[in-house]
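Thanks for coming. I will take one protein and go through how its parts are arranged. Please have a look at it first.

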Amino acid sequence: MWAILIGAALIIGGMLIFFSSTLRRRSTDPHQMPQGGSTLEPRHQGIRFLGVSQNWQALTIIAVGALLLAFGAYS
């Protein structure tokens with residue numbers, strides 16, 4: 001039972017670390033879109049912030065949590 005609880009906590013913690021850069025960012029600089037209208041989305045970001053090289057710590061924590069969940073289910 002403890003392995004399942006610790007695994008779930010690690011997965012939730014890993015997800016918080018994974019999205020911490022997005023959660024900390026302030027979006028108070030509205031700018032105009034080429035199609036018209038204003039948006040709060042950052043300029044020229046793409047999905048590079050979700051890359052493995054920048055988030056390997058969070059992915060490792062999530063993987064360890066998933067292993068604990070898998071092995072905790074069989075014990």
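Helix 1 and helix 3 run roughly antiparallel to each other, in a model that is predicted. The angle between helix 1 and helix 3, which spans residues 56-73, is about 160 degrees, and their axes lie 7 Å apart. Why does that count as roughly antiparallel? Because angles over 145 degrees count as roughly antiparallel, under 35 as roughly parallel, 65 to 115 as roughly perpendicular and the rest as oblique. The axes are lines fitted to C-alpha atoms, for helices over the stretch in contact, and the angles run from 0 to 180 degrees between N-to-C directions.

The crossing of helix 1 and helix 3 is left-handed, meaning that the near helix is turned anticlockwise from the far one by less than a right angle; clockwise would be right-handed.

Which residues of helix 1 meet helix 3? Among them are Ala3, Ile4, Leu10, Ile11 and Phe18, and the residues they face in helix 3 include Ala58, Ile61, Val64, Leu68 and Ala73. Contact here means heavy atoms within 4.5 Å. By class, this contact of helix 1 with helix 3 has 18 nonpolar, 4 polar and no charged residues. Ala, Val, Leu, Ile, Met, Phe, Trp, Tyr, Cys and Pro count as nonpolar, Asp, Glu, Lys and Arg as charged, and the others, Gly among them, as polar.

Two residues of helix 1 next. Leu5 lies in helix 1, and at 44% relative accessibility it counts as partly exposed. Ile12, also found in helix 1, is exposed, with a relative accessible area of 54%. The cut-offs are under 20% for buried, over 50% for exposed and partly exposed in between, with a 1.4 Å probe and protein chains only. Leu5 and Leu68 are 63 residues apart in sequence, and 8.8 Å apart in space from C-alpha to C-alpha.

Now the whole chain. The protein has 3 helices and 2 strands, in the order α-α-β-β-α from the N terminus. Helices (H or I, at least four residues) and strands (E, at least two) are DSSP runs, numbered from the N terminus. Buried residues make up 13% of the 75 residues.

Last, confidence. The mean pLDDT, the predictor's confidence in each residue from 0 to 100, is 80 for the protein, and 71% of its residues reach 70 or more.

Residues are numbered from 1 along each chain as its sequence is written, and side-chain values use heavy atoms, with hydrogens and water left out. Local features need pLDDT of at least 70 and side-chain atom pairs count only at pLDDT 80 or more, while totals for chains, interfaces and linings use all residues.
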